[in-house]
Amino acid sequence: MDTSRLLELPDELLLIWHAHRTEILLSTGVLLAIVRLLVHWRGRKAKIALTPPIGTPTDEKPRFETEITPEKAVVQDVSIGESPLQKRRTPRRVKGTRNLRKSEAEMPVVERIQPYVFYFSLGGSTRAQAEKLTASSVDENEAMLPPHLLDLTEIDYEDYFISPPKQPASGTASFYSILIPSYNIDTELSNFLSHLEETHHDFRIDTAPLSGLAGYSVFGFGDQQEWPTEQEGYCTQAIEVDRWMARLTGRKRAFPLGMGDVKGDELEHRLEDWRRGVHNIMVDVSQGKGLGDGISGSGDAVESDDEDDVDYDDGETVISKPRKGTTGDLEDLKAPIPVDFTTTSKTTSTPKEMVPKTSPTYTNLTKQGYTIVGSHSGVKICRWTKSALRGRGSCYKFSFYGIASHLCMEATPSLSCSNKCVFCWRHGTNPVGTTWRWTVDPPDMIFQGMKQGHYQKIKILRGVPGVRSERFSEAMRIRHCALSLVGEPIFYPHINELLAMLHREHISSFLVCNAQHPDQLAALGPVTQLYVSIDASNKDSLRRIDRPLHRDFWERFIRCMNILREKRFTHRTVFRLTLVKGFNIEEEAAGYADLVERALPAFVEVKGVTYCGTSTAAGAGLSMQNVPFYEEVKAFVLALEAELNRRGLDYGIGAEHAHSCCILLADRNRFYVKGEDGISRWHTIIDYQKFFQCVEYGKPFSPEDYVGRPTPEWALWGNGGFDPRDERVDRKGKPKNDAPPKPKIVPAVTDIDEITPVEAAAEVVKETPKEPVGTDQLLGRQYQRTLQMRKQLIERNRTSRVVEI
Ligand SMILES: Cc1cc2nc3c(=O)[nH]c(=O)nc-3n(C[C@H](O)[C@H](O)[C@H](O)COP(=O)(O)O)c2cc1C
Ligand code: SF4
């Protein structure tokens, strides 16, 4: 090479630098950033690889096998499933295994179960039950080893309640059944409880040192004559043991806590239910099914009663639904804009799936907790189902019609709707359309899928704190189906076949439709109760509120009213009014009375719209201000009743559920029945067995053929409507002592014909007027008062805007 040119190179490089230094600096920066990202990405990949996805086979040794023996344990690192790098970082521990709660995949393969039955007994009765249980637990199944029966006073807690006992054969997991009475005096049980608590708090021990167990369940014996409720001490120590075990095992409650009253009639039955439930779970686990369809037990180790996860989708109308850090609040997350299929006629020649698995709608709905069945149906557990499972009350349909919420499945065969109601929090996510243009799934596939989805979700709830074992067992047999989840069920072309399948399995049906499909309504076969949503009393309001897709929406609506009038002889028809303040309450009582006069429904359910948290329906002009107070709902119902009575329509208030702001008006001619004692009572409850008999008989029948027993006293107007056997709690799970005031307006067994609505209203506002006043005057006063209350409340709740539903 020419040396002179070589000598010029530095100068040339300098020149290049001066001419292009910005570009050089920029590209070096970009290059460095890429290298940095690559290094970071490779690191993440390596970390993720340590935790294989659920179901991925793993070469790791089962956790039981690697359990640390006391001799080795003194200062030994826990090394299961960790890289050498992580191993160095892991704090040194005295004993126990790492809590792998979140990593299902790291669970060892369980091939056999070693059951342990622990008991405590002073008087001997619990010992006798534990012995019986152990004897009956011997199973032919090879995967179930013979159980060990252990007296808590005779064992060393360290052997069983600091880490699980070591099993001789690999693949064997221990399962604890704990039977204990409660004593409000100092006994060995108190020591046991202190041990559990101390173990949990011992900083040298993992907070969940028993997470290696396959599962646990507790059954408590108590005396309900002396300690009638849990608050008063019934089974307190069993409840405590159950809580501590949930913490120590890292939420491995395999079956809900069972409780039995030693002086009651149901002890044997409850114990047997619990035993069977626990046994089935053990078999499931031994077959590698885990504690609940892929989850490692569902109890929350924190065991708080915080219901952050409360699902507000109860099939009722809500303004909005906030969710912390999830995609629940779809509008906030810019959910896909709904497709109006009415405008896409050219593209609909070949039917497509309504909600394909790959669609954002599918993702959004499943994130919200829906199980999508096939391509257009869905099922979801409603919050009342959860509440009833925990003994915290059922929805208003229990008070009005006798449907226990833990026996209810909420589903829809059509996720699509022909309205875009302003208060439906799902609008913005679901498909809409005026006609069915999608592929149609067969009804039997939908029915099986719904049941499967429902049971799967119920099973997941078995570990939730407070779930009552007997209710959990009952919930494994669906008794009722609310076809009201979302969308328009009547839209589904095989709705009658689907209903028939429900009835054949003695599952009653409530179907809610939106009064936009008169032809389908006219063709509808038997259904236990047929609802029509009445969101407005006139054309303009309906357009504003329901935002229907059909241009002839009002004509369709009125046709549906006329069809309902005919159907009143064959169906239990119900108007469902959802009151939204500022939209459809004011000045409309007379308009609603017109509609009732036209359709003559058996019932009119009036419910205040539900608001849960920060409103995302703000775009539609809705906020907390639109939620009516119960007093306002009452006032509206009284006005409507007065208006109906004025027209000679004999409707009266049959029941109420103040808890969810809901009141039931019923046709007195049909449902206010004189008993054998000559006294008239409301009979809004349904006789479900009679309904199934009528269906099976195959001849036409009328709603009067399956009128059930009298409405319970506690559900009657003025008594609040909350079943006294359940416990009322607030959102934090704390008992509520502020039961709604109980103005005794309508004595349960007197003839209410004597009481005029005006007098009743006067009772409610507790301002008995000196001179008779008109309903309007009275309502005016009530509005003034409730407005005042509203202002005060809004002021108080400025920061935490939550209204109980
Ligand atoms: C002194 C005493 C205190 C009790 N305290 C409670 C209690 O606080 N809560 C409860 O539900 N039952 C309580 N019971 C009822 C026992 O839990 C019940 O009788 C149980 O069956 C006793 O079981 P055992 O015979 O195995 O000891 C108590 C019984 C006694 C004798
Ligand atoms: S009827 Fe069923 S789905 Fe509807 S709120 Fe009650 S329990 Fe929930």
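Two strands are taken to pair if DSSP finds at least two bridges between them, and helices (H or I, at least four residues) and strands (E, at least two) are DSSP runs, numbered from the N terminus. The structure is a predicted model, in which local features need pLDDT of at least 70 and side-chain atom pairs count only at pLDDT 80 or more, whereas totals for chains, interfaces and linings use all residues. Residues are numbered from 1 along each chain as its sequence is written, and chains are lettered from A and ligands numbered from 1 in the order in which they are written.

In strand 15, aspartate 667 is the bridge partner of tyrosine 651, and strand 14 (residues 651-657) pairs with strand 15 in the antiparallel sense over 6 bridges. These two strands form a hairpin with 4 residues between them, and cysteine 661 in the turn has a positive phi of about 60°. Strand 13 (residues 603-608) also runs antiparallel to strand 15, to which 5 bridges join it, with valine 604 opposite leucine 665. Of the 6 residues of strand 15 (residues 662-667), 6 are buried, so this strand is largely enclosed by the rest of the structure; a residue is called buried if 20 or more other C-beta atoms, placed from the backbone, lie within 10 Å of its own, exposed if 12 or fewer, and partly exposed in between. Cys662, Leu664 and Ala666 point one way from the strand, while Ile663, Leu665 and Asp667 point the other way.

Elsewhere, an open sheet of 5 strands has the order 2-1-3-4-5, with parallel pairing. Strand 2 (148-151) and strand 5 (258-261) stand at its edges with a single partner strand each, so one side of each is left without a neighbour in the sheet. Within this sheet, strand 1 (residues 112-119) and strand 3 (residues 172-181) pair in the parallel sense over 8 bridges, and glutamine 114 stands opposite serine 174 in strand 3. Helix 7 (residues 236-249) packs on the sheet, touching strand 3, strand 4 and strand 5, and its direction makes about 170° with that of strand 4. Here contact requires that the C-beta atoms of two residues, placed from the backbone, lie within 7 Å, and axes are lines fitted to C-alpha atoms, for helices over the stretch in contact, with angles running from 0 to 180 degrees between N-to-C directions.

Around ligand 1 there are 20 residues, of which the closest are Ser121, Gly123, Thr126, Pro181 and Gly222, a residue being near a molecule or strand if its C-beta atom, placed from the backbone, lies within 6 Å of it. Helix 4 (125-136) and strand 4 (215-222) are the elements that give two or more residues to this shell.
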